[in-house]
Amino acid sequence: LRATNRSNAQQRLALRAASNGRYGERLDAALTIEELAGTLRNKPLQLTGAARVAGDVYTLEALTLRAGDARLQAAGRVDEQWQLAWQLAAPDLADLLPNASGLVSASGRLSGTRRQPTVNAQFSARSLAWHGDRAAALDGTIELDLADHVDSRVMLQADGLRARGPD
């Protein structure tokens, strides 16, 4: 694979993957990414993981994405229930977003019934900057119950905010 960014500088990515599947009365398929590796925006990039579909059951097995020093991991299953968890650790946000800086960590879980999941997530960020906007610290918690059995809550604490305003 070759990808070209906006500056037309070529980036190189190598992919080793396998897939199989069949469709009859239901879909049964699997994709395994043994490794997607290379550089993107002059940062090392690596992706591994597997996904499977067996009828109405979807499984994400140990998805790991590394971009520079940033790391995203996710795994889980959706059948009648959501059972999905993820974690993000980005010690330098510029590894994920050009023109951004700061440290971000986050984790979350989707659970509950397929039609009415519950979302629980936490995040923490320090020394954020992007296009002139800044925050010394952001911390938050999200507890969202789409079934409306309990009150949903979003809590955010911010320190040292500075926004440049409209141009």
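Guide: Let us begin with Ala74, which lies in strand β6, residues 70-78. The model is a predicted one.

Visitor: What makes Ala74 count as buried or exposed?

Guide: The relative accessibility of Ala74 is 13%. Buried means under 20%, so Ala74 is called buried. In space, Ala74 and Gly49 are 9.1 Å apart, C-alpha to C-alpha, and in sequence they are 25 residues apart.

Visitor: How much of the protein chain counts as buried?

Guide: Of its 167 residues, 25% count as buried. The chain has 11 strands and zero helices. Its C-alpha trace spans about 55 × 50 × 25 Å along the principal axes.

Visitor: Why is Gln122 called partly exposed?

Guide: Gln122 has a relative accessible area of 36%. Gln122 and Gly108 are 14 residues apart in sequence, and their C-alpha atoms are 6.3 Å apart in space.

Visitor: Let us turn to charged side chains. How do you know that Arg52 and Glu61 form a salt bridge?

Guide: A salt bridge requires a side-chain nitrogen of Lys or Arg within 4 Å of a carboxyl oxygen of Asp or Glu. For Arg52 and Glu61 the N to O distance is 3.1 Å, and therefore the pair meets the definition. Arg52 is partly exposed because its relative accessibility is 33%, and Glu61 is partly exposed because its value is 32%.

Visitor: What makes the pair Arg77 and Asp79 a salt bridge?

Guide: The closest N and O atoms of Arg77 and Asp79 are 2.9 Å apart. The cut-off is 4 Å, so this pair also qualifies.

Visitor: Which parts of the chain does the pair Asp139 and Arg126 link?

Guide: Their side chains meet in a salt bridge, at 3.1 Å from N to O. The pair links distant parts of the chain, with Asp139 in strand β10 and Arg126 in strand β9, 13 residues apart. Asp139 has a relative accessibility of 24%, so it counts as partly exposed. Arg126, with 33%, is partly exposed as well.

Visitor: How many salt bridges does a search of the whole structure find?

Guide: The search finds eight. A network of salt bridges links Arg22, Arg26 and Asp28.

Visitor: What makes Leu96, Leu97 and Trp130 a patch?

Guide: These residues form a nonpolar patch on the surface, with about 270 Å² of accessible area together. A patch residue needs over 30% relative accessible area. Trp130 has 45%, so it passes that cut-off, and it is classed as partly exposed. Trp130 lies in strand β9, residues 117-130.

Visitor: Which residues are the closest to the centre of the largest pocket?

Guide: About 160 Å³ of space lies in that pocket. Of the 14 residues that line it, the closest to its centre are Leu128, Ala129, Trp130, Asp133 and Arg134. Strands β8, β9 and β10 each give two or more residues to the lining, and β10 gives the most, with four. The lining divides into 10 nonpolar residues, one polar and three charged.

Visitor: Where does Asp148 lie, and why is it called buried or exposed?

Guide: Asp148 lies in the loop between β10 and β11. Its relative accessibility is 63%, so Asp148 counts as exposed, since the term applies over 50%. The phi of Asp148 is also positive, near 60°, in a residue other than glycine.

Technical notes: Residues are numbered from 1 along each chain as its sequence is written. This is a predicted model: local features need pLDDT of at least 70, side-chain atom pairs count only at pLDDT 80 or more; totals for chains, interfaces and linings use all residues. Side-chain values use heavy atoms; hydrogens and water are left out. Patches are made of residues with over 30% relative accessible area and no salt bridge: like charges are joined within 9 Å, nonpolar side chains (Val, Leu, Ile, Met, Phe, Trp, Tyr) within 5 Å. Accessible areas come from the Shrake-Rupley method with a 1.4 Å probe; for residues, only the protein chains shown count as cover. Buried means under 20% relative accessible area, exposed over 50%, partly exposed in between (1.4 Å probe, protein chains only). On a 1 Å grid over the protein atoms alone, a cavity is a set of points where a 1.4 Å probe fits but cannot get out, and a pocket is an open set with protein on both sides within 12 Å along at least five of seven lines; lining residues have an atom within 4 Å of a point. Grid points are joined across faces, edges and corners, and a volume is the space filled by probe spheres set on the points. Ala, Val, Leu, Ile, Met, Phe, Trp, Tyr, Cys and Pro count as nonpolar, Asp, Glu, Lys and Arg as charged, and the others, Gly among them, as polar.
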